[in-house]
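Reader: I am new to reading protein models. Could you walk me through one part of this one, slowly enough to follow on screen?

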Amino acid sequence: MSQQSLIDAAKAPTIAYNNKNWNTMKAAVTPDFLYDEVPTQRKIQGADQVITAWQGWGTAFPDSKATFHNAYSSGDTVVLEVTWRGTHKGPLQTATRQIPATGKAIEIRGCQVLEIAGGKAKSMRHYWDMTTMLQQIGASA
């Protein structure tokens, strides 16, 4: 695959999330897609299970979207720099509690490291600052 094709394949799951289009998201990843959500320490395997987790984020932040700033590729690995923006309009389930909607906006920078196989995302390690997000919505870490 060309470098641009790899980058496009890496961006596809997040673009699908931006549009809350779960069928497109499922088509953009391998069936055994592994999502490693580093700040929450959740590792989720399988496209359907990842979609369920991402739907949870979509419930808490229904207008949430990532903007891409930079993309780098080496071999079958792509690194994307993003900024997440959205409004906390629904319940946010954390490992220890549920945080009711606050109506507050978030803006958080993050990084995604993806492995691409057969033109689809095989895995994603997603890094962002959870403490900053919690502070922005008015919840303590």
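How many bridges pair E7 and strand E8, and in which sense, parallel or antiparallel? Please take a close look at that part and what surrounds it.

Author: Keep in mind that this is a predicted model. E7 and strand E8 (residues 120-128) pair over eight bridges, in the antiparallel sense. Strands of a sheet pair through backbone hydrogen bonds, either parallel or antiparallel.

Now pick out single pairs. Leu 114 stands opposite Met 124 in E8. Gly 110 has Trp 128 in E8 as its bridge partner. E7 and E8 form a hairpin with two residues between the strands. In that hairpin, Gly 118 takes a positive phi near 60°.

Next, look at another partner of E7. Strand E4 (residues 77-87) runs antiparallel to E7 (residues 105-117), and 11 bridges join them. One of the pairs is Gly 86 with Ile 106 in E7.

Step back to the whole sheet. It is open and has six strands, in the order E2-E1-E8-E7-E4-E3, with mixed pairing. Strand E2 (42-45) and strand E3 (65-74) stand at the edges. Each has a single partner strand, so one side of each is left without a neighbour in the sheet. On average, neighbouring strands of this sheet are turned by 15° against each other, direction ignored.

Key: Residues numbered from 1 in each chain as written. Predicted model: local features only at pLDDT ≥ 70, side-chain atom pairs only at ≥ 80, totals over all residues. Heavy atoms only, no water. Pairing = 2+ DSSP bridges. Helix = DSSP H or I, 4+ residues; strand = E, 2+ residues; numbered from the N terminus. Axes fitted to C-alpha atoms, helices over the stretch in contact; angles between N-to-C directions.
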